[in-house]
Amino acid sequence: AFLNEEVPFQEVYDGETFPVYEYAEDALLHVTACYLGRNETLYLPDEELALKKSLVRLGAESFSDCAMYLEGGTLGCKGWMYRMWDMIQSEGLYEVNGLLGVLRDFSEPEWDKLKALAEYAGAEDVVGITKLVECVEQFTFIRGVCTAEEVGQFLVRQGREWEVKPVLEPFLDLERFGTYVTEERHGRFVSGGFVYYSGPEDVEEVLGWLKSGDGLTLSEGM
């Protein structure tokens, strides 16, 4: 082995738990588990077997027996870190790890849209957010609008099925059209924009499925 006399030797592996891995900055969530004086940082999402091996090294039977500490992760930049941390504490690490596995390859716009949908649906648990992921393409998120008129204006310009030629726009009642979409497509204003249903299925069936068993409030207060 090459020895650098200018750098003092430091033993980082104690033969029991793994040291902090300095090259996992791209992991969505970093969580440290502590048990009877032993610490190990988990980089989520990870294989379930890897998490079970961490428990063995810690000497714990379950992560519920461990003190858990949030260290960071790329979710901090996406506005999801503390939401996932709350779910770990209330529902468990394995459940959130599974959800993060589904979300691993989400782009920044997809994370923003999912955040808007979670507010739209009142989804606060793993099951509810997982359901939103499954039907995320059936909803449209219009960023930056805050009035019915702005919704109507966006849709006649970029709404595909409702798009019209620019010369006709001055003759349209955009506010009334935006209100129509709100009522007929279960639209709702959320932080940062507006969400409405744009999928091919019956909207009531989709909303009912999202609500089933999860305590969601999707169709209330529309």
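View 1. The accessible areas come from the Shrake-Rupley method with a 1.4 Å probe, and for residues only the protein chains shown count as cover. In this predicted model, numbered from 1 along each chain as its sequence is written, local features need pLDDT of at least 70, side-chain atom pairs count only at pLDDT 80 or more, and totals for chains, interfaces and linings use all residues. Side-chain values use heavy atoms, with hydrogens and water left out. Phe171 sits in the loop between helix H6 (148-158) and helix H7 (174-184); helices (H or I, at least four residues) and strands (E, at least two) are DSSP runs numbered from the N terminus. With a relative accessible area of 72%, Phe171 is exposed, where exposed means over 50%, buried under 20% and partly exposed in between (1.4 Å probe, protein chains only).

**View 2. The whole protein, for orientation.** Let us step back for a moment. The protein has eight helices and six strands, and along the sequence they follow the pattern β-β-α-β-α-α-α-α-β-α-α-β-β-α. Of its 222 residues, 42% count as buried. The protein exposes about 13,300 Å², and carbon and sulfur atoms supply 50% of that area. Among the contacts (heavy atoms within 4.5 Å) with a separation of 6 or more, 59% come from residues 24 or more positions apart.

**View 3. An open sheet of three strands.** The strand order is S2-S1-S3, and the pairing is antiparallel; two strands pair if DSSP finds at least two bridges between them. Strand S2 (38-44) and strand S3 (67-72) stand at the edges with a single partner strand each, so one side of each has no neighbour in the sheet. On average, neighbouring strands of this sheet are turned by 25 degrees against each other, direction ignored. As a reminder, strands of a sheet pair through backbone hydrogen bonds, either parallel or antiparallel.

View 4. Strand S1 (residues 29-35) runs antiparallel to S2, and seven bridges join the two. Which residue of S2 is the bridge partner of Val31? The partner is Leu42. Tyr35, for its part, stands opposite Arg38 in S2. Two residues lie between the strands of this hairpin, where Leu36 takes a positive phi near 50 degrees. Five of the seven residues of S2 are buried, so S2 is largely enclosed by the rest of the structure.

View 5. Helix H2 (residues 81-91) lies across S1, S2 and S3, running at about 170 degrees to S3. Angles are taken between N-to-C directions, from 0 to 180 degrees, with axes fitted as lines to C-alpha atoms, for helices over the stretch in contact. Helix H3 (residues 93-103) also packs on the sheet, where it touches S1, S2 and S3 and makes about 30 degrees with the direction of S2. In helix H5 (residues 126-134), the buried residues are Val126, Gly128, Ile129, Lys131, Leu132 and Val133. These residues pack against H2, H3, helix H4 (108-121) and helix H8 (203-211).

**View 6. Salt bridges.** Side chains of opposite charge can pair when their charged atoms come close. A salt bridge here is a side-chain nitrogen of Lys or Arg within 4 Å of a carboxyl oxygen of Asp or Glu, and the count comes to six. One of them pairs Glu40 with Arg57, whose closest N and O atoms are 2.5 Å apart. Glu40 belongs to strand S2 and Arg57 to helix H1 (residues 48-58), so the pair ties together parts 17 residues apart in sequence. Both Glu40 and Arg57 are buried.

Glu108 and Lys78 meet in another salt bridge, at 3.4 Å from N to O. This pair links helix H4, which holds Glu108, to the loop between S3 and H2, which holds Lys78, across 30 residues. Is Lys78 buried or exposed? Lys78 is buried, at 13% relative accessibility, whereas Glu108 is partly exposed at 40%.
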